[in-house]
Amino acid sequence: MYLPELFRVEDMPQMHALMRARPFAALVSAGSAGLFASHLPTVLKDGGRYGVIECHLARANPHWRDLADGGEALMIFQGAEGYITPNWYPSKVEGGKVVPTWNFAVVHAYGCAEVMNDEDWLRRHVTELTAQQEKDQSRPWAPSDAPSSFIDSMLRGIVGFRFAVTRLEGKWKMSQNRTPKDREGVVKGLASRDRGDDREVAELVSRHTTPGDAGS
């Protein structure tokens, strides 16, 4: 990933926070079929220097066979993002030398995927993944709510992966290259537009003026 120093983030808790807040990732690898990408929910766990990602793919998805070969793969976690119009910059009136851009936060996690076919591992994984995603429900659903024979059949249809992260890259492009007045204009513009991730991006622009000085 292209990482200008101004936008580079190396703070581990900050990157992990984004990965946990936005656990639906893109998994990309190159194998016998060339480049292949799958989109899947993840659980980030402590372990090693950079953490361990647990996930699964449908057994019918041929991607898992390439991953089983042990080559390096990439998981992309997309954080808050939004289009920034130059109309929000006060500096626009000072010569007009401004252009549109896009603000975004993203984490790239690199590593090798270890296939996990053990039924007990798979059952624990889907239980933890479900609990992670159901925690805000008034009555959280759990695999135990379904007939055990049905869950058993579902488990036979997936392949688990333990993805030990060997490298993390974080990029928070949040108007750090603009003047304080322009950043203030971006915050006000996002608040006025108020769609998608605009509120979160506005908060990050307000807090994230230099690399590493704000969390996610």
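How many aromatic pairs does the ring rule give here? I'm working on a predicted model, and my count comes to 1 aromatic pair.

**The pair.** I looked up who is in it: tyrosine 83 and tryptophan 102, sitting edge-to-face. I noted 5.7 Å centre to centre and 65° between the planes. The cut-off for edge-to-face is over 60 degrees, so the 65° of this pair puts it in that class.

I placed tyrosine 83 in strand 6 (residues 72-84) and tryptophan 102 in strand 7 (residues 101-116), so the pair ties together parts that are 19 residues apart in sequence.

**Accessibility.** Tyrosine 83 has 32% relative accessibility, so I put it down as partly exposed. Tryptophan 102 comes out at 45% and is partly exposed too.

I then followed the pairing of the strands. Strand 6 runs antiparallel to strand 7, with 11 bridges between them. Strand 6 also pairs with strand 2 (residues 24-31), again in the antiparallel sense, over 4 bridges.

**Charges over rings.** Which arginine lies over the face of tyrosine 110? I found arginine 167 there, at 3.7 Å from the ring centre. I also logged arginine 178 over the face of tyrosine 89, at 4.2 Å from the ring centre.

Notes
Residues numbered from 1 in each chain as written. Predicted model: local features only at pLDDT ≥ 70, side-chain atom pairs only at ≥ 80, totals over all residues. Heavy atoms only, no water. Phe/Tyr/Trp six-rings, centres within 6.5 Å; stacked < 30°, edge-to-face > 60°. Helix = DSSP H or I, 4+ residues; strand = E, 2+ residues; numbered from the N terminus. Buried < 20%, exposed > 50% of the residue type's maximum accessible area, 1.4 Å probe, protein only. Lys NZ or Arg CZ within 6 Å of the ring centre and 35° of its normal. Pairing = 2+ DSSP bridges.
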